Protein chains: 2
Amino acid sequence: MDSHPFDRAIALQQVGAELFSGDCGPQYWNMVGPFGGVSAAIALNAVLQHPALLGEPVTLTVNYAAALAQGPFSISVRPVRTNRSTQHWLVELAQVDGAGATLTALTATVMTAARRSTWNSHDIPMPTVLAPMSLVRARSPGAIAWLGQYDIRFVEGGMPRTWDEADTAAPSAAASLTQIWARDDPPRVLDHCAIAALADLFFPRIFLRRRRRVPVGTVSMTTYFHASAAQLRECGTSFVLGQARGQVYQDGFFDHTAQLWSESGAPLATSSQIVYYKE
Amino acid sequence: MDSHPFDRAIALQQVGAELFSGDCGPQYWNMVGPFGGVSAAIALNAVLQHPALLGEPVTLTVNYAAALAQGPFSISVRPVRTNRSTQHWLVELAQVDGAGATLTALTATVMTAARRSTWNSHDIPMPTVLAPMSLVRARSPGAIAWLGQYDIRFVEGGMPRTWDEADTAAPSAAASLTQIWARDDPPRVLDHCAIAALADLFFPRIFLRRRRRVPVGTVSMTTYFHASAAQLRECGTSFVLGQARGQVYQDGFFDHTAQLWSESGAPLATSSQIVYYKE
């Protein structure tokens, strides 16, 4: 009853040996279909709920094959290879359409592993930015439900103030840079499903780059999880810093790379995605 | 007879409605199993050979579940969803082990699309580097067959000269940067399969960062194709500039991001991968 809306949205019921069902409800709805980050979290959650799970998530790639409709879906999840310390998964999410046909709407591959302590380091120092509480919360347009489920504070690269189509920026790593602080609202203790969703929180880089809104839709997203479940739990309900940069916009598809850090500066995850755009 | 060794390595024979067989041979062999880039190209080639193919490759994610053994393999390829202009694919490569069991060694997801002309740009200007013919070709240790199949010229971030384990570099975007010029040897006209392989040409970032060789193996690689088949063909047998940077090294896995440009400076593909490491 008093569970978090995110937990309700990604909840699954086991209905077969390797089959689950779910219904993500309206609270994380985007314009057409649910917020892609929640769909990614659902795919990951199916693996985490499987009784044969080995270890914790390391990689998640989600391919968005079609928009989900409101209502129930089924999700099949299969460990295709289990090694001594790693496990590879295939996930397929399907819905029954109006004509009674079962159609695949999303596929995912996941690699989980029993991780060991090693030499650790990184090459992505957290940018020096203002603290989240010293920044104002972005207003969320009421028309997009899922935006109301996150407290997002722009550090750099917010939505254009004018849509003047002045796409005159020279190609550079700064031209499509966005940095945000973000957390669930209401707050929720971090876990891998939350990270899978937070990795998809960036508005389309092409909006920033072109100062023009064009129809868009993510077609594939890959996230690498660097933090363990214990490390995420220790972060509690603190903010996550996210950074994204566009790479190439060409013939209807653009990609970006992204990094997520804990409020204290530890790298939590890295991600990339490719997005369809029209015109 | 006089086909290119790469074409022979990725060649597939259709043996069922959605089933192919292949045998990549010894020329692209790594230490254990074939070069991961060739395995990626094989997975992509299975999609390209499927009679129902729509459009050209946009995304390729390969999960390396186990090392391939020498000898034949089977590869199943299935279009899970075909939309008006995009198509989503699942690929599974399997081999029969010594005990007669068929085991999955690799999975891949691919998205193909009929691409349209749009507003095009990018945010990854090609770094200013010396021309390939003004650099010396890297020597390839004879022990690793596949390295002999590429002409690789290091611009920046070559293999450490001393393995002194002086991993004292401060985390930074430059600490694990490598830039290379590369092309097939013998030369071969560029195509998407070549790009899938070239995207995996970087030696492990952790070698550079730690100046120490530890056991490693790629577990997942994602490549986004930005150039069309026609654009690649126009590049002919010219060199490709590749750039890779490590991101996070933690508890047995590290990731990197990479970009590939044509010799004339056009962005061809972007890629990321996550690699297992021991110790």
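Tutor: Before we talk about interface residues, note that contact here means heavy atoms within 4.5 Å. This is a predicted model in which local features need pLDDT of at least 70 and side-chain atom pairs count only at pLDDT 80 or more, while totals for chains, interfaces and linings use all residues, and side-chain values use heavy atoms, with hydrogens and water left out. Residues are numbered from 1 along each chain as its sequence is written, and chains are lettered from A and ligands numbered from 1 in the order in which they are written.

Student: What percentage of the interface residues of chain B are also interface residues in chain A?

Tutor: The copies meet through the same surface.

Student: By what turn can chain B be laid on chain A?

Tutor: The copies are superposed by least squares on the C-alpha atoms of residues with pLDDT of at least 70 in both. Chain B is laid on chain A with an RMSD of 0.0 Å and a shift of 0.0 Å along the axis, by a turn of 180°. The two copies are therefore related as by a two-fold rotation axis, and the turn asked for is 180°.

Student: How many disulfides are there over all chains?

Tutor: A disulfide is a pair of cysteine sulfur atoms within 2.5 Å, and the count over all chains is 0. Cys24(B), for example, is in no disulfide, its nearest cysteine sulfur being that of Cys193(B), 13 Å away. Cys235(B) is likewise in no disulfide, and the nearest cysteine sulfur, again that of Cys193(B), is 16 Å away.

Student: Is Cys24(B) buried or exposed?

Tutor: Buried means under 20% relative accessible area, exposed means over 50%, and partly exposed lies in between, with a 1.4 Å probe and protein chains only. Because its relative accessible area is 8%, Cys24(B) is buried.

Student: Where is Pro186(A)?

Tutor: The peptide bond from Asp185(A) to Pro186(A) is cis, with omega near 5°. Helices (H or I, at least four residues) and strands (E, at least two) are DSSP runs numbered from the N terminus. Pro186(A) lies in the loop of chain A between β9 (178-184) and α3 (192-198).

Student: What is phi of Glu279(B)?

Tutor: Most residues other than glycine have a negative phi. Glu279(B), found in the segment after β13 (267-277) of chain B, is partly exposed, with a relative accessible area of 42%. Although it is not a glycine, Glu279(B) has a positive phi of about 85°.
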